[in-house]
Amino acid sequence: MQETRPDTLWTRTAAAPPTSGSALPEKADTVVIGAGFTGLTAARALAKQGRRVVVLEAGLLGSGASGANAGFLVPNFAKADPATVYSRLGPQKAEGLLRLVGGGADTVFDIIREDGISCDASQNGWLQPAFGEAMAQVLRKRASIWQRLDRPVRFLEPGEIAHETGMDIYSGGIIDESGGTIHPLDYLYGLARTVLREGGLIRENAFVQSCRRGPQGWQVEFTDGSIRADSVVLCTNAFTTGIAGLIGRTGVPLRVYQVATGPIDEETVARISPKRRPVGDTRLNLFTYRLDRDNRLISGGMAVFPFGARERVAKAVVRRLASELKLARHPGIEVAWTGTAIMTPDFLPRIYDLGEGFFGGIGCNGRGIAMTAQLGGLLARAAMGEAPQDMPISFLRQKSLPLHAFAPLVASAALAHARLKDRLTR
Ligand SMILES: Cc1cc2nc3c(=O)[nH]c(=O)nc-3n(C[C@H](O)[C@H](O)[C@H](O)COP(=O)(O)OP(=O)(O)OC[C@H]3O[C@@H](n4cnc5c(N)ncnc54)[C@H](O)[C@@H]3O)c2cc1C
């Protein structure tokens, strides 16, 4: 949680953030804790339904993963395969969840259009090239599952992927036409503006320590005050201090490093991204890239060892971009930043029933922009009293991961293993 905004591509290029100076009331219908995409989408939905909603944010708008992410809008799971979701949840529950997740990018672009949010939104499709023939077979099957659910997903042959990326190492891939890219911080500010316009209140620098249930509902204690509410929605993602510990310890935190290069020339753009589509391949150590409005390349990576990782990973990410995309000139690092994402043990999103009108949502698993739009909507419905059985995500009782403090070591070991496996596949 910070009092100044971090130096990221997004803080350098975003429009001015909205301000909300109004005093808070003694009581709200719903208090939303955390002003990331999840919290603000929930607050937006509640405010639009005429609920008196107050958002309490420990830092400034964009303090969490929503201000740090790369802006790839991807309406599926990073790690869970749709076929696995069917076998794990059974046909009815799986279909509900898959339709929800598959429609995530459409929901974001609908919100952007409906609210008139200016955030470089481009719904031009998302590409997932297949690394190795075995993965191509998996993607063929994956495309057919999404097609059965009426999603605009197709398998592309190796030549088509080569044309889209300028890379000839792939055995085909899929395109989801509903995916795309946004400027995440401008999107976040746009959501906040809608909440304020609809009569909601947002308080920054309001760290929530605890929520207690009393005879008159929930009493939410924050930095310099306290507010009563009929319902509370906890949207604090990977954070673990104060009230956030309730849900932050249910998943594995992942430190993700992002880089934006200097602008690249039009000729290279035409070769590596003729339709300006974002790309994320199937390697275990993912290779991703997208362009921003000024033709900067944005990519990211993770570190096996956290010490000095920011600079080291930034350099490694740009070296990888230059080598994979066969860039004639090293594009240089314009800005590098980092943030923390969270993975749930089964790689699926979760809603926690924390008791009598108190709900928490988590588990965007790296594909958070699309998923948070859906999760925020469901949390708003829960806060308004809708029954859990009518929702496509099951409500769970909160359960912290045993030895959560050591979870980053598991992530580091998984990354080292992933790199080795990718090398063997190549
Ligand atoms: C570097 C990085 C790159 C990523 N790239 C992508 C991408 O390209 N595409 C994609 O789809 N997903 C991406 N993700 C994932 C995505 O950004 C997240 O899943 C999503 O932003 C989560 O939103 P959220 O609102 O749940 O959480 P957050 O944005 O983390 O918001 C939680 C908020 O809660 C506040 N808070 C915490 N504790 C308290 C407290 N006690 N009291 C009050 N407030 C509190 C925090 O300050 C924070 O603002 C990326 C994540 C990272 C870290």
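Guide: Leaving aside residues up to four places away in sequence, aspartate 81 touches Val138 and Arg142, where contact means heavy atoms within 4.5 Å. Aspartate 81 sits in the loop between strand S3 (72–73) and helix H4 (82–89); helices (H or I, at least four residues) and strands (E, at least two) are DSSP runs, numbered from the N terminus. With a relative accessible area of 13%, aspartate 81 is buried; buried means under 20% relative accessible area, exposed over 50%, and partly exposed in between, using a 1.4 Å probe and protein chains only.

A word on the basis: this is a predicted model, in which local features need pLDDT of at least 70 and side-chain atom pairs count only at pLDDT 80 or more, while totals for chains, interfaces and linings use all residues. Residues are numbered from 1 along each chain as its sequence is written, and side-chain values use heavy atoms, with hydrogens and water left out.

Now to the ligand. Of the 39 residues around the ligand, Thr38, Glu57, Ser66, Phe72 and Ile369 come nearest; a residue counts as near if one of its heavy atoms lies within 4 Å. By class, this shell has 20 nonpolar, 17 polar and two charged residues. Here Ala, Val, Leu, Ile, Met, Phe, Trp, Tyr, Cys and Pro count as nonpolar, Asp, Glu, Lys and Arg as charged, and the others, Gly among them, as polar.

Some polar contacts (pairs of N or O atoms within 3.5 Å) can be picked out too. A polar backbone atom of glycine 71 is 3.3 Å from an oxygen atom of the ligand, and a nitrogen atom of the ligand lies 2.9 Å from a backbone N or O atom of valine 208. The side chain of asparagine 237 takes part as well, with an N or O atom 3.2 Å from an oxygen atom of the ligand. On its own the ligand has 1000 Å² of accessible area, and the protein covers 97% of that; the areas come from the Shrake-Rupley method with a 1.4 Å probe. Elements giving two or more residues to the shell include helix H2 (37–48), strand S12 (252–263) and helix H13 (368–383).

Next, the loops. Asparagine 205, in the loop between strand S8 (201–203) and strand S9 (208–214), has a positive phi of about 50° although it is not a glycine. Most residues other than glycine have a negative phi. Asparagine 205 counts as partly exposed, at 39% relative accessibility. Asparagine 295 also has a positive phi, of about 65°, and is found in the loop between strand S14 (288–291) and strand S15 (296–301). At 7% relative accessibility, asparagine 295 counts as buried.

Finally, the aromatic rings: a search of the whole structure finds five aromatic pairs. Rings of Phe, Tyr and Trp (its six-membered ring) pair if their centres lie within 6.5 Å, and planes over 60 degrees apart count as edge-to-face. One of these pairs is tryptophan 218 with phenylalanine 358, edge-to-face at 5.0 Å centre to centre and 65° between the planes. Tryptophan 218 in strand S10 and phenylalanine 358 in strand S18 are 140 residues apart, and both are buried. Phenylalanine 359 and phenylalanine 395 are edge-to-face as well, at 5.7 Å and 70°. Phenylalanine 359 lies in strand S18 and phenylalanine 395 in strand S19, so this pair ties together parts 36 residues apart in sequence.

Technical notes. Polar contact = N/O pair within 3.5 Å; in protein donor to acceptor, adjacent residues only side chain to side chain. Phe/Tyr/Trp six-rings, centres within 6.5 Å; stacked < 30°, edge-to-face > 60°.
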